[in-house]
Amino acid sequence: MNTVTALSTGAAPFQPESAPDYLPAAILRELQLGRLRSIVERAWSAVPLHRSRMKERGIEPGDLQSLEDIAALPFTTKADLRDTYPFGLFASPMRDIVRLHASSGTTGKPIVVAYTREDVDVWTSVMVRSFATCGLHAGDIVQNAYGYGLFTGGLGAHYGAEGLGATVIPISGGNTDRQIMVMKDFKVTAICCTPSYFLHLLDRAAQMEVNVAELPLRVGVFGAEPWTDSLRRHIEAAAGIKAYDIYGLTEITGPGVGIECVCQAGLHIFEDHFYPEIIDPDTGRLVAEGEEGELVLTTLSKQAMPMIRYRTRDITAFVPGSCPCGRTLRRIRRISRRSDDMFIIRGVNVFPSQVETALLAVEGMLPHYQIILTREAGLDQLEVQVEVTPPVASDRVAALESLHNKLAHALSQTLGLRVKVRLVAPQTLKRSEGKAQRVLDRRNA
Ligand code: DLL
């Protein structure tokens, strides 16, 4: 038995879609260069922002002679998506676009991404490869508790698990008691959700006197938010499963940019579709191999919305050397944190600036606020404390209550999350002497 077979968790047959995972490096690089050239050509000819940025740098698609030349291309940022909202970075006409997804922007508006039929197929294939990488196969019963909707988690995992030939339970997020009933009664063997939601499921299962470790569940595919190796160990021990880290982002495709294999020694990036670089976030230059920095991704095959050198703001490092699983795809370490102020609550991305925009649109609020993150029964909670103007502070209780409800509604509409609100009197919140510390993260306190 060779190493690959030995590591592929016994029952898992080789998944034909996974062949590109094992390409010799030289062939992979050649494939990447060919795809890079054509995607840059597409971005240049179809997207004015990409063309003007390249022109500013005096570079044309034909200048790309080697993969290293990618460093001459300009970066794309979340601000570019905001400034071209909603469809300004699309490279395909709407009649060729079969799907739109969206994720939080830095203010009230989301960022919008598009997929052609071919893009959905590529996304499905990287999700099939993701599941195969962590040992899932036809015959598995997959409880997909990522949210369905504009968030990419639900549909991404759904298409991938179906493509693999597994049985999908499209239960989406929430309704924890029903999740536990389904997990038990449907003999679920794999679950997909955020690691924090799985913790909550475990807590609730214990209260319901269900011992998850005794169920057929054997694999968890967890992502959409940062988590640690210690949390993995805790989950694996408590649930009697193997827990794998899956990474992705809406701007690039959704989940399926990279995932851990059974060695659990870094996330393999599906480099035939996503070209990774790691840069120093301050200088924009590549860091030395193995050093930590910001992950930058270029989509090598996306038709509807090519992304050139997208600055993810996610901090990681390449894992040096080759993986015992036999895949030649490079690996990154788990995402440890972000280089901006975005935080993630129950898998939903939140920027403090979104909170600010929403609360200042409500009359009677002062721009003094504090965001407090806590964890109750394994579930993340977000509370916004905000000072009200003096006339409001001296208002009747009924008026305050209606204002409270109005703000809570405005915030949940903007963020797509239930938010606790506490109105406080003027001059209550601590003032900062330097950078305001808007977010108090007490989740691990
Ligand atoms: O979270 C896509 C996804 C869905 C990934 C399901 C994995 C599983 P967005 O909502 O656009 O997309 O959020 C992307 O979430 O830039 C990271 O900051 C963070 N993130 C995603 N996966 C991980 C992970 C989806 N495994 C943003 N570890 C990214 C740490 C993660 N952070």
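**View 1. Asparagine 211 in its loop.** In this predicted model, asparagine 211 sits in the loop that links helix H8 (195-207) to strand S6 (219-223). With a relative accessibility of 37%, asparagine 211 counts as partly exposed. Look for its side chain first: one of the polar atoms there lies 3.1 Å from the backbone nitrogen of alanine 213. Then find lysine 184, 27 residues away along the chain from asparagine 211, with 9.5 Å between the two C-alpha atoms.

**View 2. The largest nonpolar core.** Here we turn to a core of 56 residues, the largest nonpolar one, where Phe131, Leu136 and Val221 have the most contacts inside it. Helix H5 (residues 117-133) supplies the largest share of this core, with 7 residues. Apart from this core lies another, made up of 26 residues, including Met183, Leu201, Ile235 and Ala239.

**View 3. The surroundings of leucine 136.** Setting aside neighbours within four places in sequence, leucine 136 is in contact with Phe131, Val142, Leu164, Ala190, Arg218, Val219 and Val221.

View 4. Cysteine 134 takes part in none, and the nearest cysteine sulfur, belonging to cysteine 192, is 8.1 Å away. Cysteine 134 counts as buried, at 1% relative accessibility.

Definitions and conventions. Residues are numbered from 1 along each chain as its sequence is written. This is a predicted model: local features need pLDDT of at least 70, side-chain atom pairs count only at pLDDT 80 or more; totals for chains, interfaces and linings use all residues. Side-chain values use heavy atoms; hydrogens and water are left out. A nonpolar core is a set of buried Ala, Val, Leu, Ile, Met, Phe, Trp, Tyr and Cys residues joined through side-chain atoms within 4.5 Å. Buried means under 20% relative accessible area, exposed over 50%, partly exposed in between (1.4 Å probe, protein chains only). Helices (H or I, at least four residues) and strands (E, at least two) are DSSP runs, numbered from the N terminus. Contact means heavy atoms within 4.5 Å. A polar contact is a pair of N or O atoms within 3.5 Å; within protein, one must be able to donate a hydrogen and the other to accept it, and residues adjacent in sequence count only if both atoms are side-chain atoms. A disulfide is a pair of cysteine sulfur atoms within 2.5 Å.
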